[in-house]
Amino acid sequence: MEALNRAQSVKAGSAKLLYVYVDTEPVSFNRGFYTVDMRFFYQVTLQAYLNCSCPVTVEGLCVFDKRAILFGSEGSAKIFSSQMRAGECDVQLTRQANAPIAVVEAVDPIVLDARIVDCCGRRECDCDLCEVPSFINECFAGELSSGDDCRRVYVTLGQFSIVRLERDTQLLVPVYDYCMPDKECACGDGCEDPCALFRTINFPVGEFFPPNTVKAPECYEEAKGCCCHK
């Protein structure tokens, strides 16, 4: 925290997604819909520039809250299951319901911007993180500091994620009898020329050169050599 108080500026570094806490609750005024509350925990690494030209690496914790409302249909059935447990009695498991389960798929975010803001520049999105899970604290080398009222660092992250609701259902799938192979596989007998097989493989151009996905302007296709202005 001392480095941030003395820093003239900070430069965006890297960010790592540590954990996403997910909670699902039914929407009372809209049957079949559920709210999915998510809290993203990030480990962010920044470069703090002091008076000297050599930056100082600073690690911190970023937290972001997001809520989504998804349709998950209704279900009030109660599920009972019996499962064998080694060395224990074969008792029924805890009663469950067939409510949907929220699943969040996410990748590591992109650090878009980072800046130091004085306390007087407090914004409406500021919030105090009351509790940090213990396993989140263990991801950092030292103890996390909540800082003081002097300066804060705001980081803008670009996050790609997919949020969905899952639930067990019964489907009718056609099933066929076992099929036994009636022909012998001719490949892999060692008689085929490996050089001849290699010549049939196309050269992997895409592995050596990036794909050209940029579409040429229409004016360039119609009349090459002319200048177009907008």
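What share of the contacts in the protein with a separation of 6 or more comes from residues 24 or more positions apart? The share is 71%. Please note that the model in view is predicted.

**The whole chain**

Begin with everything selected and coloured by secondary structure. The protein contains five helices and nine strands. Followed from the N terminus, the elements are arranged as α-β-β-β-β-β-β-β-α-β-β-α-α-α. Now switch to a surface display. The protein exposes about 18,900 Å², and 54% of this area is supplied by carbon and sulfur atoms. Of its 230 residues, 17% count as buried.

**The largest nonpolar core**

Next, select Met38, Phe40, Tyr42 and Val44. The largest nonpolar core has 20 residues, and these four touch the most other members. Two or more core residues are given by each of the elements β1 (9-26), β2 (33-49), β3 (56-71) and β7 (110-118). Which of them gives the most? The answer is β2, with eight residues.

Keep Met38 selected and show its surroundings. Beyond its neighbours within four places in sequence, Met38 is in contact with Val20, Tyr21, Val22, Phe64, Asp65, Lys66, Ala68, Val104 and Val163.

**Thr35 on strand β2**

Move to Thr35, which is also found in strand β2. Is Thr35 buried or exposed? Its relative accessible area is 13%, so Thr35 is buried, the cut-off for this class being under 20%. If residues up to four places away in sequence are not counted, Thr35 touches Asp23, Thr24, Glu25, Val27, Arg67, Ala68 and Ile69.

**Aromatic pairs**

Now display the aromatic side chains. In the whole structure there are four aromatic pairs. One of them joins Tyr19 and Phe135 in an edge-to-face arrangement, with 5.1 Å from centre to centre and 80 degrees between the planes. Why does this pair tie together separate parts of the sequence? Tyr19 lies in strand β1 and Phe135 in helix α2 (residues 134-137), so the parts that are joined lie 116 residues apart in sequence. Tyr19 counts as partly exposed, at 35% relative accessibility. Phe135 is partly exposed as well, with a relative accessible area of 38%.

Return to Phe40 and Tyr42 for another pair. These two rings are stacked, with 6.1 Å from centre to centre and 5 degrees between the planes. Both Phe40 and Tyr42 are buried.

**A nonpolar patch on the surface**

Select Val107, Ile110, Leu112 and Phe160, with the surface shown again. These residues form a nonpolar patch on the surface and together have about 420 Å² of accessible area. Leu112 is found in strand β7. Because its relative accessible area is 55%, Leu112 is exposed.

**A last stop at Ala77**

Finally, select Ala77 in the loop between β3 and β4 (78-79). At 41% relative accessibility, Ala77 counts as partly exposed. How many Å separate the C-alpha atoms of Ala77 and Ala97? The separation is 6.0 Å, although the two residues are 20 residues apart along the chain.

Key
Residues numbered from 1 in each chain as written. Predicted model: local features only at pLDDT ≥ 70, side-chain atom pairs only at ≥ 80, totals over all residues. Heavy atoms only, no water. Core = buried A, V, L, I, M, F, W, Y, C linked by side-chain atoms within 4.5 Å. Buried < 20%, exposed > 50% of the residue type's maximum accessible area, 1.4 Å probe, protein only. Helix = DSSP H or I, 4+ residues; strand = E, 2+ residues; numbered from the N terminus. Contact = heavy atoms within 4.5 Å. Patch = residues over 30% accessible without salt bridge, like charges linked within 9 Å, V, L, I, M, F, W, Y side chains within 5 Å. Areas by Shrake-Rupley, 256 points an atom, 1.4 Å probe, with all protein chains shown as cover. Salt bridge = Lys/Arg side-chain N within 4 Å of Asp/Glu carboxyl O. Phe/Tyr/Trp six-rings, centres within 6.5 Å; stacked < 30°, edge-to-face > 60°.
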